[in-house]
Amino acid sequence: MSEVSGKVVIITGASSGLGEATAKMLAGKGAKLVLGARREERLRKLVDDIESSGGVATYKTVDVTKKEEVQALADAAIEAYGRIDVLVNNAGLMPLAPLDELKVEEWEQMIDVNIKGVMYGVAAVLKPMREQESGHIINLSSVAGHVVFPGATVYCATKFAVKAISEGIRKESNGQIRSTNISPGAVATELTDHISHKDSKQMADDMYDDAIDADAIARAVTFAIEQPGDVDINEMIIRPTNQE
Ligand code: NDP
């Protein structure tokens with residue numbers, strides 16, 4: 001299967017931003033979607049929108065820091081559609097602050113969502129993908145997974161980890177599981193809304209002046225999925241043309 005049409009795709013963090021844009025684009029191309037996030041109202045509305053445009057989607061609320069809930073999301077995909085072709089590990093948080101602020105709880109949150117959440121996703125889909133002898137895991141890393149910015153140490157650490165996880169999946173794929181690491185630069189979403197440190201928020205807002213639209217990343221995800229089965233797009237970095 002090389003096209004998007006008919007593929008069963010799970011997307012975490014589908015209630016806003018990149019996840020939502022990706023869901024809409026893939027639905028338009030005929031994917032069967034299972035959408036996860038914590039905000040149920042947003043997910044319900046998204047599924048309604050997709051269905052009223054003729055697409056196929058279902059949702060399940062999930063907190064990706066809880067491995068049983070991530071497993072239940074994967075189980076819901078099997079129950080609804082009988083297989084899992086693609087997991088888009090997209091849920092993520094970016095509460096930036098200098099280390100000296102000692103926002104240790106925010107460090108923990110980022111590690112729990114951005115790293116452990118991704119690994120729980122892998123744990124939940126690996127077995128069915130092995131049984132199918134095919135599958136595709138797409139992880140959202142970041143430019144911050146390639147370069148370390150002051151004030152973003154822990155976020156960068158989590159995104160470097162995501163990049164390592166993507167590479168590890170590829171190395172252990174046994175020719176069965178495609179692995180794509182997607183690294184966006186500044187994209188206009190709700191990601192910067194949760195920055196509690198005032199100066200970091202200002203820095204992010206300045207940087208996001210030139211942010212590109214979430215559709216740019218949805219197109220990248222779609223491109224990776226629609227390649228022929230023997231083609232594995234391993235890495236994409238997508239920056240605003242203006243970003244350093
Ligand atoms: P948004 O804040 O718009 O979306 C984040 C999504 O993650 C939401 O749907 C949110 O849903 C979900 N999420 C957060 N915590 C949890 C949790 N514990 N369990 C389940 N879902 C959760 O940001 P983006 O769309 O920009 O972010 C998507 C990904 O892209 C992230 O991994 C981010 O790091 C990455 N990225 C984004 C960039 C950008 O500039 N926008 C740049 C580089 C990477 P809910 O709150 O409903 O649970």
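1. Gly151 is in contact with Leu96, Ala97, Pro98, Ser200 and Met203, leaving aside residues up to four places away in sequence, where contact requires C-beta atoms, placed from the backbone, within 7 Å. Gly151 sits in the loop between strand E5 (135–140) and helix H5 (153–171); helices (H or I, at least four residues) and strands (E, at least two) are DSSP runs numbered from the N terminus.

2. This is a predicted model, in which local features need pLDDT of at least 70 and side-chain atom pairs count only at pLDDT 80 or more, whereas totals for chains, interfaces and linings use all residues. Residues are numbered from 1 along each chain as its sequence is written.

3. Gly151 is partly exposed, with 19 other C-beta atoms within 10 Å; on this scale 20 or more such atoms within 10 Å make a residue buried, 12 or fewer make it exposed, and counts in between make it partly exposed, with C-beta atoms placed from the backbone. Gly151 and Ala14, 137 residues apart in sequence, are separated by 27 Å from C-alpha to C-alpha.

4. Around the ligand there are 29 residues, the closest being Gly13, Gly17, Arg38, Gly92 and Thr189, with a residue counted when its C-beta atom, placed from the backbone, lies within 6 Å. Helix H1 (residues 17–28) gives the most to this shell, with three residues.

5. Because nine of its twelve residues are buried, H1 is largely enclosed by the rest of the structure; Leu18, Glu20 and Lys24 are among the buried residues. Just after H1, Gly30 adopts a positive phi of about 95 degrees.

Terms used. Contact = placed C-beta atoms within 7 Å.
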